[in-house]
Amino acid sequence: MNRVSQVIVAAISLAAAGGALAAEITLETPKGCGIVPLKDRASETQVERIDKRLIFTVRANAYCGVQPGAPQISRHADIAKVSVTYDVSKAVHNCFCARTIRFSISDLWPGIRTIYYIQDGQVTGHGDVP
């Protein structure tokens, strides 16, 4: 299967005592999907450290025919939240598939222990930071 990757970069900056802390997130996802939807859970997640980056891989159900929008990353205490939304107006209705998307995160805030995946406003999974 020929896959085309879409790369979206979003940088989020937060002001913190005495200086700015920033996390940068990159989303790389193939167009289309052809994988049978997950039936027993909303998503599967994996977090791994490669060099100075964290790779957050998510396999989650989505409507066929749509791509995720620009990712957002935010912080709350020792938790990072990675959020994406899909424009379901372009979806092929009654067609679901599991899509694997991969986030590359650099400059993650110190002390983050867990990353939550939020799709269309709903938490569907999480992974522990190694």
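Strands here are DSSP runs of E with at least two residues, numbered from the N terminus. This is a predicted model, where local features need pLDDT of at least 70, side-chain atom pairs count only at pLDDT 80 or more, and totals for chains, interfaces and linings use all residues. Residues are numbered from 1 along each chain as its sequence is written, and side-chain values use heavy atoms, with hydrogens and water left out.

Now colour all of β8, residues 114-119: six bridges join β8 to β9, and the two run antiparallel. Two strands pair if DSSP finds at least two bridges between them. In general, strands of a sheet pair through backbone hydrogen bonds, either parallel or antiparallel.

Zoom out to the open sheet of four strands, in the order β5-β6-β8-β9, with mixed pairing. Its edge strands are β5 and β9 (122-128), each pairing on one side only.

Next stop: G69, in the loop between β4 (53-64) and β5 (72-76).

Finish with F56, F103 and Y117, which form one aromatic cluster. The structure holds three aromatic pairs; rings of Phe, Tyr and Trp (its six-membered ring) pair if their centres lie within 6.5 Å, with planes under 30 degrees apart counted as stacked, over 60 as edge-to-face and the rest as tilted.
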